[in-house]
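Please read it alongside the sequence and the coordinates.

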Amino acid sequence: MGSYQLKYHAKKPEGIENKKAYLVGSGIATLAAAFFLIRDGHMDGKNITIFERKNVNGGALDGAGNLEDGYIIRGGREMEEHYECTWDLFGDIPTLENPERTVLDDMKEINDWDPNVSANRVIQNRGERVDASTLGLKDHHIKQLTKLFLAKEEDLGDLTVEQFFTPDYLETNMWLLWRSMFAFQPWHSVVEMKRYMERFIHLLPGMTELRNILFSRYNQYDSFVLPLVKWLEDHGVKIQNNTLVTDLDIEINGKEKVVTGIHLVIDGKEEYIKTTKDDLVFVINGSMTENSTLGSNDKAPELNTEFGPVWRLWKNIAEKDPAFGRPEVFYKNIDKTKWESFTVTFKDSKIADIIRKLTNRDPYSGRVVTGGIITIKDSNWGMSFTLSRQPHFANQPDDVLVLWAYGLFADNEGDYIKKKMSECTGEELLRELLYHMGVDGDLMEEIVNDAIVIPAMMPHITSQFMPRVKGDRPEVVPEGSVNLAFLGQFVEIEGDCVFTVEYSVRSAMIAVYKLLNLDKQVPEIYPSKYDIRHVVNATRTLYGNKPLPGEFFVKKLLKDTSLEGLL
């Protein structure tokens, strides 16, 4: 899809001035939906209300803190050029620093000036660099990957990664890099792995060095959420915090489904909003960060296994009709969906010397430092860490460094700290990390004494990867729905990948365009899997950048033709 669709201004829907929109949750999906309602749907922002049960907006796109209390991010976002819906959105949102420049302008500018490339992708033996320049695949692994690429999703069903591949695939460099980059586990859906392969096949040649990955100037809250919230509020959108939506009244007549009321709890008091067919209701169903808890230097975060209100809302809605999905598929197995991260704040710290040694880069330069995560291959916690461009927060002093780390195996005992990761205080988490960096003795004590560590336990952080089949996730606009749409990571969008900002923003665009019946199309997902150039380059990468089988004869056949450059 080119400019013909993207640049077209949709006609004003008839009766739009009589409609109101209610959006549940203030994650990037609902913030984006409010934007598309205004820009493309011609809705007056004053007719849009976003309900958020917390006193902070942005959902999983968080980032907060200061020098005294320490900074915290539960996770980071790897992005790429072909987030078509996301860049369409942020191409119209001014930055906070300069209203003449958009968030997209700033994103491209900093990544053109400072393109990402990994400084040291994998280490082991306490700081020793591991050669991960190839994916380490054997011929039977490549056959398995080819089979997955060609398979139909309905034929794969709810198969897991470990059910599809032979056990030795899980010992390859490819799985180590894949697992650590995307937080995949062997028990996760192989269909989701297939989608990632197809969606990002054009990035596979740069996978070992994280080339062509884009990072924002600051953390995702400062760089994306705050500018978008300001734009919405400037356009009259009301964001109502400390408001919990507990259920929807939905009238179902035959196939037609109409939301007729919204049940809320505002500051502890139950309230009700009556809605009509003309009103629109958007709900983020499910949450990766639901029930997250924080720890401190001397306290481990608790694992909250309660049935959280976001999941309860989806369950209440889903009980009304099968078209609304099956939330229990995603929230019930916390032991398979949890992991833990921690954010470390250092001031004038000798950690800078350790980072220089590992990366050969100056962490105070304002440029890429680790260039994405560094994975510790022999970490029993499955630990990775990253030091992004500094400062990582808009209010971060020049002499402060903020590092983020995470471990996939929170129930395993550490290699240095002989405790489960989930039982460790922030200080103990940092000691385990420093040990794997090759730090000990007085230097470890000096660095630890200087640091503020905030751990985050997230029970549902990879729940969107759990094995599922058709119908477990609802369509963005379920069949027969007149005024209800679902948004976020737990809806069904054919061909796109969850655990990305793009998935949430795309769901918002689909929802608005469908409910308003706009004469404008959603941008297509970048079709790299159909581009023979990308397929050839990806295949060569699977073979360790060696000539492909039959490549000599194909080159000879194409020599002196217009297709000579294909290989």
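Which residue in S16 is the bridge partner of Met383? The partner of Met383 in S16 is Gly407. The model is predicted.

**Sheet of 8 strands**

- This open sheet has mixed pairing, and its strand order is S6-S5-S14-S15-S16-S13-S17-S12.
- Strand S6 (128-129) and strand S12 (293-294) are the edge strands, each pairing on one side only.
- Strand S15 (residues 383-386) and strand S16 (residues 400-407) run antiparallel and are joined by 4 bridges.

**Sheet of 3 strands**

- A further open sheet, with antiparallel pairing, has 3 strands in the order S8-S9-S10.
- Strand S8 (243-253) and strand S10 (269-274) each have a single partner strand, so one side of each is left without a neighbour in the sheet.
- From one strand to the next, the twist averages 25°.
- S8 pairs with strand S9 (residues 256-266) over 10 bridges, in the antiparallel sense.
- Leu248 has Ile262, in S9, as its bridge partner.
- In general, the strands of a sheet pair through backbone hydrogen bonds, in a parallel or an antiparallel way.

**Cysteines**

- A disulfide is a covalent bond that links the sulfur atoms of two cysteines.
- The whole structure was searched, and 0 disulfides were found.
- Cys85 is in no disulfide: the nearest cysteine sulfur belongs to Cys497 and lies 13 Å away, whereas the cut-off for a disulfide is within 2.5 Å.
- Cys85 has a relative accessible area of 0%, and buried means under 20%, so Cys85 is buried.
- Cys424 also counts as buried, because its relative accessibility is 0%.

**Cavity**

- There is 1 cavity of 30 Å³ or more in the structure.
- The volume of the largest cavity is about 120 Å³.
- Helix H4 (103-113) and helix H10 (220-234) are the elements that give two or more residues to the lining of this largest cavity.
- Residues lining the largest cavity include Thr95, Leu96, Glu97, Val103, Asp106, Met107, Arg217, Tyr218, Asp222 and Pro227.
- Ser216 and Ser223 are also among the lining residues of the largest cavity.
- Sorted by class, the lining of the largest cavity comprises 5 nonpolar, 3 polar and 4 charged residues.

Notes:
Residues are numbered from 1 along each chain as its sequence is written. This is a predicted model: local features need pLDDT of at least 70, side-chain atom pairs count only at pLDDT 80 or more; totals for chains, interfaces and linings use all residues. Side-chain values use heavy atoms; hydrogens and water are left out. Two strands pair if DSSP finds at least two bridges between them. Axes are lines fitted to C-alpha atoms, for helices over the stretch in contact, and angles run from 0 to 180 degrees between N-to-C directions. Buried means under 20% relative accessible area, exposed over 50%, partly exposed in between (1.4 Å probe, protein chains only). On a 1 Å grid over the protein atoms alone, a cavity is a set of points where a 1.4 Å probe fits but cannot get out, and a pocket is an open set with protein on both sides within 12 Å along at least five of seven lines; lining residues have an atom within 4 Å of a point. Grid points are joined across faces, edges and corners, and a volume is the space filled by probe spheres set on the points. Ala, Val, Leu, Ile, Met, Phe, Trp, Tyr, Cys and Pro count as nonpolar, Asp, Glu, Lys and Arg as charged, and the others, Gly among them, as polar.
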